[in-house]
Amino acid sequence: MKNLVVKLGAAAIAVTVMATGAWAASAYPKNKPREQDWSFAGPFGMYDQAQLQRGLKIYAENCSACHALSRINFRNLADLGYSDDQIKAFAANYEVEDGPDDFGDMFFRPATAADAFPSPFPNQEAARAANGGAYPPDLSLMAKARAPIRGFPAFVIDPFRNYAENGPDYIYSLLTGYKDEVPEDVSVPEGLWYNPYFASGTALAMAPPLFEDMHEFDDGTEATVSNMAKDVSAFLMWTAEPHMDERKQLGFRVMVFLLIFAALLYLSKKQVWSRVEH
Amino acid sequence: MSKLEHHGTYTPTTGVGKWIDARMPLPRLMYDSFVAYPVPRNLNYAYTFGGILSIFLVIQILTGVVLAMHYVPDATKAFDSVEHIMRDVNSGWLMRYMHQNGAHFFFLAVYLHIFRGLYYGSYKAPRELLWILGCIIYLLMMATAFMGYVLPWGQMSFWGATVITGFFTAFPVIGVPIQELLLGGFAVGDPTLNRFFSLHYLLPFMIAGVVILHVWALHVTGQTNPTGIEVKSKTDTVPFTPYATIKDAFALIVFLAVYAYFVFYMPNFLGHADNYIPADPMVTPAHIVPEWYFLPFYAILRAITFDIGPISAKLGGVIAMFGSIAVLFIVPWLDTSKVRSAVYRPWFKLFFWVFVINSVFLGWLGSQPAEGVYVALAQLSTAIYFGFFLVVMPVLGLVEKPRRVPNSITEAVLERSAGSGGGSPQLGDATASADKS
């Protein structure tokens, strides 16, 4: 009869796993994201502050021209290892609208640590008008909102290898996945860029955003497209899931507690039931 | 009456205990229900999910109450308020991930609980009402989960609500008014979100109420057990505490460890990426797929692609989907077998596993687009689903030759341990009687 439990368990795992719902067949992306090594992968993986700082620099100097990051406040940058003064100074580079003042007028002032990153466009319509009709999405949640279907059997295996980096893998693959040579069976509309890693088509409106040596990093990291794509993907994972480090640290304590508790309960159970045939 | 008398063993020792016992004997009720209550000695781990489910109901209510303190049921603010919980509320991410993954594990446990009931024939007389109360709980859970999924107001929330409330329009005359009542308008919007939030807060307490009835009914009839034989003598049972308590506790902690793994290490594995995109009525997601626990029913809904007389394909699909749950309610009367447990029913056992595999397969089909070969497979799979209840259950009871059923639980236990080299001579004497077949 223990057999039944095992079988039910196996069936349950199969069902759960199917779960992800996931697996709905989809033609895009044409190419699956390429898996990268992330400092934050695995049960003990944590964010690499230096990498997040480089990612912030890339966002601030490139991406922010078109993409908002409205769910991140400057104060959140403390997670990246910046001091209060550094954050204040950084925030002061940005202007935010405030008001109304005593005369009922809106005015601009330098941002403070309490403000969110200002968005590049006042609204979606303005963003579309400036970008040939395409809307550059807010990047705050991108690393969780774009996670291409894993397909069978990957999604069954994922829980066992604790693979949860589909989002940053996707962003990295997209940023480094632009191809000049378009396959013959693909037609790329005027003004779009071919990218087989794009989640919802063969081409997207965003031009390849990263170029060799476009940045200089204080820590001497080489500004290759691949390095920069990785840094900004890691940064976006942090913007999407700022409490991941805390989550995994607490998780470890919870798991240790539960496993020790389970072992003690198992021994107690054995002891109690040893008095009776069952 | 084969049921063991188990009341009256509680004797309050303190003055306060006696005072309360004479006025409102709640401690006595608790003692009789969770300490002295006799349970069959041969319960296996498949019988631990009832306890696990009650704990999950508590987890969901507690985390839910905290989430509701910070959540804003307003179409323009709901998504932001959930992100506020995830980012700025102390331990908000923990509450949210526990609640979200808690729903998945709640369903996982309830499915294991239901499958266990089907396998061991737990629904048979005199436990029909117990089973039906369980079906009502399941139905309430589905409604609660659906409405809860709408609250974060992501793309899948919005479009899931649109699709599911759309089912009701299939019914002639009353369909559209029902849909408009659910939505509070002509399309999913602010009024929908507000009433779903209200109901999502209400239904768990209704579930808790029905759970009390479910446990009450259980304690009247007593638990079934893997042999399906009713308790006949005192040697068949052990007291709930410490025996069942410690076993349930162990199973619970193991189950919680798996749950915790997902909460802390893969919190978004069971969800949809699209639900991290704020709801946009102007953009339909490429694939609108429900959560995994609804997928088999979604497959049944979409399997009916043909008109049946005056019934349109759409209405047929909705009827089949509701029917697939309704059929659970009449299971006690569909099964004609005199033998309760599948352990002694070789054919039923086989069909049971076909049913389980088919249910999983239906779930997979539910996640696939309803086109091409998937439609035919879904139709076949739907036929097997209903065939199990409407054909196999009634017919098998009449034609199947069950294996020999032991005379008592004690006999079954001792036969088994004798087979595995153990055995207690002391108790063995009591069951040396009759091997009939």
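Reply: Let us begin with contact, which means heavy atoms within 4.5 Å. Leaving aside neighbours within four places in sequence, B:Asn275 is in contact with B:Phe79, B:Tyr149, B:Pro152, B:Gly154, B:Gln155, B:Met156 and B:Ser157. This is a predicted model, in which local features need pLDDT of at least 70 and side-chain atom pairs count only at pLDDT 80 or more, while totals for chains, interfaces and linings use all residues. Residues are numbered from 1 along each chain as its sequence is written, chains are lettered from A and ligands numbered from 1 in the order in which they are written, and side-chain values use heavy atoms, with hydrogens and water left out.

Me: Where does B:Asn275 lie, and is B:Asn275 buried or exposed?

Reply: Helices (H or I, at least four residues) and strands (E, at least two) are DSSP runs, numbered from the N terminus. B:Asn275 lies in the loop between α10 (240-265) and α11 of chain B. Buried means under 20% relative accessible area, exposed over 50%, and partly exposed in between, with a 1.4 Å probe and protein chains only. B:Asn275 counts as buried because its relative accessibility is 10%.

Me: Which backbone atom lies 3.5 Å from a polar atom of the side chain of B:Asn275?

Reply: A polar contact is a pair of N or O atoms within 3.5 Å; within protein, one must be able to donate a hydrogen and the other to accept it, and residues adjacent in sequence count only if both atoms are side-chain atoms. For B:Asn275, the atom is the backbone nitrogen of B:Gln155. A second case is B:Ser33, whose side chain reaches the backbone oxygen of B:Leu29 at 2.6 Å. B:Ser33 lies in helix α2 (residues 26-34) of chain B, and B:Ser33 counts as buried because its relative accessibility is 13%. Not counting residues up to four places away in sequence, B:Ser33 touches B:His219 and B:Phe240.

Me: Which residues touch the most other members of the largest nonpolar core?

Reply: A nonpolar core is a set of buried Ala, Val, Leu, Ile, Met, Phe, Trp, Tyr and Cys residues joined through side-chain atoms within 4.5 Å. The largest one has 185 residues, and B:Phe107, B:Leu118 and B:Phe389 touch the most other members. The element that gives the most to this core is α10(B), with 18 residues. Apart from neighbours within four places in sequence, the contacts of B:Phe389 include B:Leu118, B:Val327 and B:Phe355.

Me: How much space lies in the second largest pocket, and which element gives the most to its lining?

Reply: About 1100 Å³ of space lies in the second largest pocket. Its lining has 48 residues, of which B:Gly50, B:Gly51, B:His113, B:His214 and B:Leu218 lie nearest the centre. α10(B) gives the most to this lining, with eight residues.

Me: Which peptide bonds are cis, and which residue of chain A has a positive phi although it is not a glycine?

Reply: Most residues other than glycine have a negative phi, and most peptide bonds are trans. A cis peptide bond joins B:Ala125 and B:Pro126, with omega about 5°, and B:Pro126 lies in the loop between α5 and α6 of chain B. The bond from B:Thr241 to B:Pro242 is also cis, with omega near 10°, and B:Pro242 lies in helix α10 of chain B. A:Asn162 has a positive phi of about 55°, and A:Asn162 is buried, with a relative accessible area of 6%.

Notes: 1 Å grid on protein atoms, 1.4 Å probe; cavity = no way out; pocket = protein on both sides within 12 Å on 5 of 7 lines; lining within 4 Å. Points joined across faces, edges and corners; volume = space filled by probe spheres on them.
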